[in-house]
Amino acid sequence: MDTTILFLTCVVILGVASIRSHLSRADRRAARVERKLDAVMRHLDLHEEIPGRDEILALVRQGKKIQAIKRYRETTGADLVEAKQAVDRLS
């Protein structure tokens, strides 16, 4: 009985580790694709359409960077790091 529980515990741990590894690999691939897409957009001088871009730019120009980041997150659903980087690119 004890060896069965130990065996099942090991199988679960290995399964979780395998899933985590696959997710990490997928995250790295997605980040690489995003970097390439950003490079292509810069090369073609294209800009991402940002809902409320004018309002966000106005906040940046007024020196209200934190409010601009908050507004960017609200309109795009981006996380904090992505929103900060986007607002930094706008300024």
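This is a predicted model: local features need pLDDT of at least 70, side-chain atom pairs count only at pLDDT 80 or more; totals for chains, interfaces and linings use all residues.
Helix 1 is the biggest contributor to the lining of the largest pocket, giving 7 residues. The largest pocket holds about 750 Å³ of space, and its lining runs to 21 residues. Two or more of the lining residues come from each of helix 1 and helix 4. Nearest the centre of the pocket sit Asp-38, Glu-48, Tyr-72, Ala-86 and Arg-89. Sorted by type, the lining splits into 10 charged, 9 nonpolar and 2 polar residues.

Helix 4, which spans residues 80-90, deserves a look of its own. Ala-83, Ala-86, Val-87 and Leu-90 are its buried residues. Viewed down the helix axis, these buried positions fall within an arc of 95°, so they line one face of helix 4. Val-81 and Arg-89, by contrast, are exposed on the other side. As for partners, the buried residues of helix 4 pack against helix 2 (53-61) and helix 3 (65-76).

Next comes the largest nonpolar core, a set of 13 residues. The members touching the most others are Ile-50, Ile-56, Ala-68, Tyr-72, Val-87 and Leu-90. Helix 2, helix 3 and helix 4 each supply two or more residues to this core. Leaving aside residues up to four places away in sequence, Ile-50 touches Ile-56, Tyr-72, Thr-76 and Leu-90.

What stands out about the backbone of Asp-45 is its phi, near 55°, a positive value in a residue other than glycine. Most residues other than glycine have a negative phi. The relative accessibility of Asp-45 is 57%, which is over the 50% cut-off, so Asp-45 counts as exposed. Leu-46 is found in this loop between helix 1 and helix 2 too. With a relative accessibility of 48%, Leu-46 falls between the 20% and 50% limits and therefore counts as partly exposed. Looking back along the chain, Arg-29 is 17 residues away from Leu-46, and the C-alpha atoms of the two are separated by 23 Å.

How values were computed. Residues are numbered from 1 along each chain as its sequence is written. Side-chain values use heavy atoms; hydrogens and water are left out. Buried means under 20% relative accessible area, exposed over 50%, partly exposed in between (1.4 Å probe, protein chains only). Helices (H or I, at least four residues) and strands (E, at least two) are DSSP runs, numbered from the N terminus. The arc is that of the directions from the helix axis to the C-beta atoms. Contact means heavy atoms within 4.5 Å. On a 1 Å grid over the protein atoms alone, a cavity is a set of points where a 1.4 Å probe fits but cannot get out, and a pocket is an open set with protein on both sides within 12 Å along at least five of seven lines; lining residues have an atom within 4 Å of a point. Grid points are joined across faces, edges and corners, and a volume is the space filled by probe spheres set on the points. Ala, Val, Leu, Ile, Met, Phe, Trp, Tyr, Cys and Pro count as nonpolar, Asp, Glu, Lys and Arg as charged, and the others, Gly among them, as polar. A nonpolar core is a set of buried Ala, Val, Leu, Ile, Met, Phe, Trp, Tyr and Cys residues joined through side-chain atoms within 4.5 Å.
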